[in-house]
Amino acid sequence: MKIATYNVNGVNGRLPVLLRWLKEAKPDIVCLQELKCPQEKFPIEEIKKAGYNAIWKGQKSWNGVAILAKGYDITEVQGILPGDSEDLQSRYIEAIINQMVICCLYLPNGNPYPGPKFDYKLSWIKRFKRRTNQLIKMELPDFNIIPTENDVYKPEKWEDDALFRPEVRKAYQELQKKGWIDSLRTIYPDETIYTFWDYLYKSYERNAGMRLDHILLSPYLAGSLVNAGVDKDVRGWEKSSDHAPTWIELKK
């Protein structure tokens, strides 16, 4: 089984890129972030024609998340992070697929630091950690966190960025201490691998990127991991997202 996470950065504007990648990469389950479309504007008919079922939580601005599955039914469990009844941002969706709990999330960016947006990022992580304690058998993609210095080009330039602040990295490490497995690092423990390249300053051409998109496996599923990777070439396609799809393969 191939599971992927992809910050599509505008699902309707980049629909041809998404459909091309789905056809070429053939993932079984996909978590999408930054849909940037209202609930009613999600391109469900095109997604179905590509062979995928879908659930989604739309939002007109920067957020929005979805889960796609090919050949599997999707049962939505949550459309909002438990405990976030007053949080109207569409950043979290949770479903049961093939007897697994799949959780798709788009963590707040948190910039500028310091400030209320950074405080919101930390409080969001805290609430999410409570949820992981409730559901230990989960998939957790796309954290919007740079975990280590090996995950960013020229780390000294990112010291005051919310994505790389010590408080944020510590929260990520605390999740791992509870048993969550960083899939990509399990397969490639030391290699420099990026999942995001800014549109500015020819960052993709210079490979001046960072690793923001993650799939963490619970201890229950960690032993099923056989491969992981990033479809870097997709970032170079015309009108593509600034993120590249990140994927794992599990034993059936």
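H3 and H4 are roughly parallel to each other, because angles under 35 degrees count as roughly parallel. This is a predicted model, where local features need pLDDT of at least 70, side-chain atom pairs count only at pLDDT 80 or more, and totals for chains, interfaces and linings use all residues. Residues are numbered from 1 along each chain as its sequence is written, and side-chain values use heavy atoms, with hydrogens and water left out.

Two packed helices are described by the angle between their axes and the distance between the axes. Helix H3 spans residues 116-134 and helix H4 spans residues 166-177. Their angle is about 5°, and their axes lie 11 Å apart. Helices here are DSSP runs (H or I, at least four residues), numbered from the N terminus. Axes are lines fitted to C-alpha atoms over the stretch in contact, and angles run from 0 to 180 degrees between N-to-C directions.

Which residues of H3 meet H4? They are Phe 118, Lys 121, Leu 122, Ile 125, Lys 129 and Thr 132. Contact means heavy atoms within 4.5 Å. On the H4 side are Glu 167, Val 168, Ala 171, Glu 174 and Leu 175. The residues of this contact divide into 6 nonpolar, 1 polar and 4 charged.

Now turn to the pockets. A pocket is an open set of points on a 1 Å grid, where a 1.4 Å probe fits, with protein on both sides within 12 Å along at least five of seven lines. The largest pocket holds about 920 Å³ of space. Of its 37 lining residues (an atom within 4 Å of a point), the closest to its centre are Asn 109, Asn 111, Leu 163, Phe 196 and Asp 198. The second largest pocket holds about 270 Å³.

How values were computed. Grid points are joined across faces, edges and corners, and a volume is the space filled by probe spheres set on the points. Helices (H or I, at least four residues) and strands (E, at least two) are DSSP runs, numbered from the N terminus. Angles under 35 degrees count as roughly parallel, over 145 as roughly antiparallel, 65 to 115 as roughly perpendicular and the rest as oblique. Ala, Val, Leu, Ile, Met, Phe, Trp, Tyr, Cys and Pro count as nonpolar, Asp, Glu, Lys and Arg as charged, and the others, Gly among them, as polar.
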